[in-house]
Amino acid sequence: MRRFIHKAACAGALLATMGSLHAGEGTFGWLYTLDLQPKGTWEFEQRLQYNRGQAGGTYDFWQARTEVEYGVNENFQLAGYLNTSFTNAYRNYPATDEFPNGETGGWGVAYPGDGHYRKWRVEGVSLEGIYRLTNPVIDPVGVGLYGELTLGTVKDEFEARLLLQSNFLDDKLVLASNLVAAVEKVKFVNGETGPESMFDVLFGATYRFANNWTAGMEARYHNDYYGYRYQTHTQRAWFIGPNVHYAEKDWWVTAAWRYQPTGGKCWAPNDGECSGRRVWDSHTRNEFIVKFGMPF
């Protein structure tokens, strides 16, 4: 009898949480959680990320990801993305002997130099899958596996994540972490490619402080490596900032900001991508993201 009551209470909590969280919504800016699409349902999601500010000059990098998600079953979700970007750069990298006033370079700049660079491009497509092993609503720790394959004009990449999540205070407080490993083949305009790998730790917390509203903080500990098998450590950096989320029955929106404090470091062969104890390349002082989701 006691076991039956416990299971009934867990089931009730699960149904109540799915209703209050509008399953499938993303309450964090960059972390993935285990609130998946219910079986047989679809959702449209639009992401827009804006990276601003490098060593000097001007650097504005916009990336849009247009996504459709589908709940295959209660614990498995598939999604497809179209990835596009726009780069506006001018003398944003540190000065060198060749470019004493600063170099126009970094991620999205196809032709480094010292002039203005502006380019819009279709970066490619991605296929993503998330499988939930345990549910944070009824288990002490929710655990999930994530995989994403990207094929595109600037890189081919496979990314894997271990998703961890725990809910507290009647699911008002959510603690989450993603352990991220990725390998990628970066493509240059001259036809050459570069092997890279990455290991990140993302973690954060959100709290539902009012009906339909949550807010919190999230952080990223980032590491880049040269080679497909993590042979040479080339970058290390931290990012941290707040997030806020609002949801209605038929739509939701999330906004977040991450700031890169000093403390970053670069090693050869890409040590020129650091200055002022910060990491550049695809990174900036400030990163902003807005996500909008709507089931259909």
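**Salt bridges, one asparagine and a disulfide**

Glutamate 45 and arginine 47 form a salt bridge, with the closest N and O atoms 2.9 Å apart. Keep in mind that this is a predicted model. Both ends of that pair are out of the way: glutamate 45 is buried, and arginine 47 is buried too.

How many salt bridges does a search of the whole structure find? The search finds 10. I'll take two more of them.

Next pair. Aspartate 60 bridges to arginine 52, and here the closest N and O atoms are 2.8 Å apart. Are the two partners buried or exposed? Aspartate 60 has a relative accessible area of 10%, so it is buried. Arginine 52 is at 44% relative accessibility, so it counts as partly exposed.

Now the strands. The side chains of lysine 155 and glutamate 184 meet in a salt bridge, 3.6 Å from N to O. Where do they sit? Lysine 155 is in strand S6, residues 155–168, and glutamate 184 is in strand S7, residues 173–187. The pair therefore ties together parts that are 29 residues apart in sequence. Glutamate 184 has a relative accessible area of 13%, so this residue is buried.

Back to glutamate 45 for a moment. Salt bridges with shared partners join Glu45, Arg47 and Glu67 into one network.

On to asparagine 88. This residue sits in strand S3, which covers residues 76–90. Why does asparagine 88 count as buried? Because its relative accessibility is 14%, and the cut-off for buried is under 20%. Which side chain does the side chain of asparagine 88 make a polar contact with? That of arginine 118, at 3.3 Å. Set aside the neighbours within four places in sequence, and asparagine 88 is in contact with Thr58, Tyr59, Asp60, Tyr117 and Arg118. Note Asp60 in that list. That is the aspartate that bridges to arginine 52.

Last item: the cysteines. The structure holds one disulfide. Cysteine 266 and cysteine 274 form it, with their sulfur atoms 2.1 Å apart. Which hand does the disulfide have? The torsion about the S-S bond is about 70 degrees, so the disulfide is right-handed. Cysteine 266 counts as buried because its relative accessibility is 12%. Cysteine 274 is at 18%, so it counts as buried as well.

Notes: Residues are numbered from 1 along each chain as its sequence is written. This is a predicted model: local features need pLDDT of at least 70, side-chain atom pairs count only at pLDDT 80 or more; totals for chains, interfaces and linings use all residues. Side-chain values use heavy atoms; hydrogens and water are left out. Helices (H or I, at least four residues) and strands (E, at least two) are DSSP runs, numbered from the N terminus. Buried means under 20% relative accessible area, exposed over 50%, partly exposed in between (1.4 Å probe, protein chains only). A polar contact is a pair of N or O atoms within 3.5 Å; within protein, one must be able to donate a hydrogen and the other to accept it, and residues adjacent in sequence count only if both atoms are side-chain atoms. Contact means heavy atoms within 4.5 Å. A salt bridge is a side-chain nitrogen of Lys or Arg within 4 Å of a carboxyl oxygen of Asp or Glu. A disulfide is a pair of cysteine sulfur atoms within 2.5 Å.
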